[in-house]
Amino acid sequence: MVNFETDEAHQEREIDAKTREITDLFHHAENVLKRFGKQSEDTTLSVADRTVRKNMQMSMARKIQGLSMSFRSTQKVFYVCFQKRVPF
């Protein structure tokens with residue numbers, strides 16, 4: 001006999017675990033980017049190298065932010081559909 005309540009609870013735990021995993025990856029990417037930014041403050045680098053590093057950091061930060069926002073938006077829609085049992 002299938003216990004739908006148990007299946008749903010299991011699915012929710014899996015979704016929560018994947019959400020945490022993805023969120024952790026975003027945090028890791030942000031931390032790597034911060035370390036990269038600190039390296040761009042190294043006074044032994046030329047002004048041009050520091051500028052390139054800062055530009056790269058800002059570009060990657062925008063990309064990570066966009067991906068994070070897209071994930072949160074999609075995840076929210078998915079979760080609402082999941083709760084209502086509407087196909088995603």
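This is a predicted model: local features need pLDDT of at least 70, side-chain atom pairs count only at pLDDT 80 or more; totals for chains, interfaces and linings use all residues.

Colleague: Fine. How many helices and strands are there in the chain?

Modeller: The secondary structure comes to two helices and zero strands. The radius of gyration is 20 Å, well over the 12 Å that the globule rule gives for 88 residues, so the chain is more spread out than a compact globule.

Colleague: What box do the C-alpha atoms fill, then?

Modeller: Taken along the principal axes, the C-alpha atoms fill a box of roughly 70 × 20 × 10 Å.

Colleague: And what percentage of the residues is buried?

Modeller: Buried residues make up 14% of the 88 residues in the chain. As for the surface, the chain exposes about 7,200 Å², and carbon and sulfur atoms supply 59% of that area.

Colleague: What about charges, how far apart are the mean positions of the positive and negative ones?

Modeller: The chain has 15 positive and 12 negative charges, and their mean positions are 9 Å apart.

Colleague: Let's turn to helix α2. What does it span?

Modeller: Helix α2 covers residues 47-84, which is 38 residues, and it reaches 55 Å from its first C-alpha to its last, close to the 56 Å expected at 1.5 Å a residue.

Colleague: Which residues of α2 are buried?

Modeller: The buried residues of α2 are Gln57, Ile64, Ser68, Phe71, Cys81 and Phe82. Just after the helix, Arg85 takes a positive phi of about 60°.

Colleague: Is Phe36 buried, partly exposed or exposed, and why?

Modeller: Phe36 counts as partly exposed because its relative accessibility is 22%, and the buried class is kept for values under 20%.

Colleague: Now Lys76: where is it found, and is it buried or exposed?

Modeller: Lys76 is found in helix α2, and it is exposed, with a relative accessible area of 60%. Lys76 and Lys38 are 38 residues apart in sequence, and their C-alpha atoms are 34 Å apart in space.

Colleague: Last one, Thr44. Where is that?

Modeller: Thr44 is found in the loop between α1 and α2, and at 68% relative accessibility it counts as exposed. The C-alpha atoms of Thr44 and Val32, which are 12 residues apart along the chain, are separated by 21 Å.

Colleague: And for contacts over the whole chain, what share joins residues at least 24 apart?

Modeller: Among contacts between residues at least 6 apart in sequence, 51% join residues at least 24 apart.

How values were computed. Residues are numbered from 1 along each chain as its sequence is written. Side-chain values use heavy atoms; hydrogens and water are left out. Helices (H or I, at least four residues) and strands (E, at least two) are DSSP runs, numbered from the N terminus. The radius of gyration is taken over C-alpha atoms; the globule rule is 2.2 Å times the number of residues to the power 0.38. Buried means under 20% relative accessible area, exposed over 50%, partly exposed in between (1.4 Å probe, protein chains only). Contact means heavy atoms within 4.5 Å. Accessible areas come from the Shrake-Rupley method with a 1.4 Å probe; for residues, only the protein chains shown count as cover. Lys and Arg count as positive and Asp and Glu as negative; His and the chain ends are not counted. The place of a charge is taken as NZ of Lys, CZ of Arg, CG of Asp or CD of Glu. The expected span of a helix is 1.5 Å times one less than its number of residues.
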